[in-house]
Amino acid sequence: ENIYDECVLASEEVLRLVHKGSRYRDFSVVCADLPTYQNALSMYFQMCGIPTYLAGTEDILDKPVIGTVLTAMDAAIGDFDTKDVLRYMKSALSPLPLEACDALENYAILWDIQGKKWLNEWTMHPEGLVDIWTDENTKYLEALNNARRRIIEPLHNLSDAMSKAKDVSDRVSALYRFLDEIELRDRLEEL
């Protein structure tokens with residue numbers, strides 16, 4: 001019914017299995033919110049003479065991989081809200097270098113790119129309300145669109161797959177395809 005009852009049950013189960021021949025090192029107790037459980041769990045295990053080692057006290061949401069995945073999900077499911085797209089784009093494992101992220105952010109702010117505008121080819125002048133187009137401006141806009149596609153196409157595929165998903169299995173498969181598409185494994189190996 002509460003945390004204390006859960007901790008008592010865990011300690012009793014460990015003791016029961018140890019008396020049947022298991023070793024203490026054969027067990028792992030996993031909880032979603034260690035700070036909430038830590039004191040009670042330590043107290044009951046100590047009272048029962050169960051040796052403990054506490055690990056994993058870092059928040060999983062602070063991990064770069066999890067942050068990248070969550071920001072991508074926010075952007076894909078949130079209809080490409082600019083704030084979410086920029087957070088994904090600037091996440092630790094973004095497929096773009098920081099300079100490209102900054103350039104995309106500047107253009108998105110300049111031209112108020114929101115929602116489905118991320119999916120369309122950008123055609124407005126990269127310097128703002130300027131009538132004269134130089135070759136440099138055209139090349140810069142082309143580079144912006146290439147970077148935009150590199151970020152948005154996988155997010156768009158993820159968004160489509162999530163909207164068509166019938167169950168959790170479909171959603172997990174969609175997420176796996178997204179991670180494969182952005183070559184997350186390769187970037188992790190590089191790190």
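The following dialogue explains how several terms are applied to this predicted model.

Biologist: What is the average pLDDT of the chain, and where is confidence lowest and highest?

Modeller: The pLDDT is the predictor's confidence in each residue, from 0 to 100. The chain averages 91, and 97% of the residues score at least 70. Confidence is lowest in helix α8 (residues 184-190), with a mean of 86, and highest in α6, at 96. Helices here are DSSP runs of H or I with at least four residues, numbered from the N terminus.

Biologist: Why is N145 called buried?

Modeller: A residue is buried under 20% relative accessible area, exposed over 50%, and partly exposed in between, with a 1.4 Å probe and protein chains only. N145 has a relative accessible area of 2%, and therefore counts as buried. This residue lies in helix α6 (residues 135-164).

Biologist: Which residues does N145 touch?

Modeller: Contact means heavy atoms within 4.5 Å. Not counting residues up to four places away in sequence, N145 touches E121 and W122.

Biologist: What makes the approach of N145 to E121 a polar contact?

Modeller: A polar contact is a pair of N or O atoms within 3.5 Å; within protein, one must be able to donate a hydrogen and the other to accept it, and residues adjacent in sequence count only if both atoms are side-chain atoms. The side chains of N145 and E121 are joined by such a contact, at 3.5 Å. The side chain of N145 also reaches the backbone nitrogen of W122, at 2.9 Å.

Biologist: Why is the pair of Y107 and W122 called stacked?

Modeller: Rings of Phe, Tyr and Trp (its six-membered ring) pair if their centres lie within 6.5 Å; planes under 30 degrees apart count as stacked, over 60 as edge-to-face and the rest as tilted. The ring centres of Y107 and W122 are 4.6 Å apart and their planes meet at 15°, so the pair is stacked. Y107 lies in helix α5 and W122 in the loop between α5 and α6, so the pair ties together parts that are 15 residues apart in sequence. Y107 is buried at 3% relative accessible area, and W122 is buried at 4%.

Biologist: What kind of aromatic pair do W118 and W122 form?

Modeller: Their pair is tilted, with 5.4 Å from centre to centre and 55° between the planes. W118 and W122 are both buried. Ring pairs link Y107, W118 and W122 into a cluster.

Biologist: How many residues make up the largest nonpolar core?

Modeller: A nonpolar core is a set of buried Ala, Val, Leu, Ile, Met, Phe, Trp, Tyr and Cys residues joined through side-chain atoms within 4.5 Å. The largest one has 35 residues, and those with the most contacts inside it are L96, W118, W122, I151 and L155. Helix α6 gives the largest share of this core, nine residues. L155 touches A72, A75, A76, F80, Y88 and F178, not counting residues up to four places away in sequence.

Biologist: How do you know that the length of α3 agrees with its number of residues?

Modeller: The expected span of a helix is 1.5 Å times one less than its number of residues. The 14 residues of α3 should therefore span 20 Å, and its end C-alpha atoms are 20 Å apart, which agrees. Buried residues of α3 include G67, T68 and V69, and its buried residues pack against α4, α6 and α7.

Biologist: Why is D79 called partly exposed, whereas F80 is called buried?

Modeller: D79 has a relative accessible area of 46%, so it counts as partly exposed. F80 has 0% relative accessibility and therefore counts as buried. D79 is found in the loop between α3 and α4, and F80 is found in that loop too.

Methods: Residues numbered from 1 in each chain as written. Predicted model: local features only at pLDDT ≥ 70, side-chain atom pairs only at ≥ 80, totals over all residues. Heavy atoms only, no water. Helix = DSSP H or I, 4+ residues; strand = E, 2+ residues; numbered from the N terminus.
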